[in-house]
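Take a look at the sequence and structure below.

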Amino acid sequence: MGCTPNASHSPVFLLLGFSKARVSPGLLFFLFLAIYLVTIIGNMTLMLLISRDSRLHSPMYYLLRGLSMIDMGLSTVTLPQLLAHLVSNYPAISAARCLAQFFFFYAFGVTDTLVISVMALDRYVAICNPLHYHSVMNRQLCAFLLALSWVVSIVHTMLHVGLLLPLYWAGDAEGNVKLPHFFCDHRPLLRASCSDIRSNELAIFLEGGFLMLGPCALIVLSYARIGATILRLPSAAGRHHAVSTCGSHLTMVGFLYGTIIWVYFQPPSQNSQEKDMVAAVMYTAITPLANPFVYSLRNKDVKSALHRLLGRGRADF
């Protein structure tokens, strides 16, 4: 598609993802407000429990605390703006703000997937090499892996931001570019561009695909070894305990990677926009909301820490 003379590097984008929703904007506003507040409260509570309770000062919970911080950032990048646009007649965002949102969304999002894969490595060491777990997965290694996840994520995001900068977008008579999405995501931005986006598409499938395959391979290999180790355990109780320690993580792996693959690694099609929106809501709103509850409701240590914290609070009162 060729660019018209009024095409620009820095148009105003109109985020119209929910403009044709069958649900009223007021109801959507209160729904997403509730999701955002519960996400922040749930993840902050989990971080507080891990920080204050000495029984949770282990590598797994150190990584989980980092994941909670990332989930809060991921929600904060997208949901407050969505809430503002749901009560506005002009859901506009400047090109600079759009690219900033794109950068932070991908920085938090890619770090999220990398930390999830690091947690699979943690479960592998805990189950397959329990005697050396604390010496191998020590605080220094966990901090290094978290920092490495951030560095890889930021470099990856800067590459894609750099590929977006030369693109042109042709707006309407007022210079507005309509995006059928609720935040500045990769696919809608590329679909709306009038420039040649083949290099962007190639980067998504090669560099982005490699970045997905690496963590996925680590998760698959870790759980293959974990499964073989569990099958060799002599007692049913031991097998049940080992499986229960991995259940929460496996739930979030399937949820997170399933939606990412659906949104970013299917062939681009205009007919998939509504499905992309549903998957994006799952990834940006539901996954950060679900993480603290999945890890707490299925985890006896976290539930015990919460009971102790609540009991201490009542005693102080």
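## Cysteines and burial

Does Cys 216 count as buried, partly exposed or exposed, and what is its relative accessibility? Cys 216 counts as partly exposed, at 23% relative accessibility. Buried means under 20% relative accessible area, exposed means over 50%, and partly exposed lies in between (1.4 Å probe, protein chains only).

Cys 142 has a relative accessible area of 0%, so it is buried.

## The model

This is a predicted model: local features need pLDDT of at least 70, side-chain atom pairs count only at pLDDT 80 or more, and totals for chains, interfaces and linings use all residues. Residues are numbered from 1 along each chain as its sequence is written, and side-chain values use heavy atoms, with hydrogens and water left out.

## The disulfide

A disulfide is a pair of cysteine sulfur atoms within 2.5 Å. The count here is one. Cys 98 and Cys 184 form it, with their sulfur atoms 2.0 Å apart. The link of Cys 98 and Cys 184 is left-handed, with -125° about the S-S bond.

This pair links distant parts of the chain, 86 residues apart. Cys 98 sits in helix H3 (residues 95-128). Cys 184 sits in the loop between strand E3 (176-179) and helix H6 (186-192). Helices (H or I, at least four residues) and strands (E, at least two) are DSSP runs, numbered from the N terminus.

Cys 98 is buried, at 1% relative accessible area. Cys 184 is buried too, at 0%.

## Leu 148

Leu 148 lies in helix H5 (residues 139-164). Its relative accessibility is 40%, so Leu 148 counts as partly exposed.
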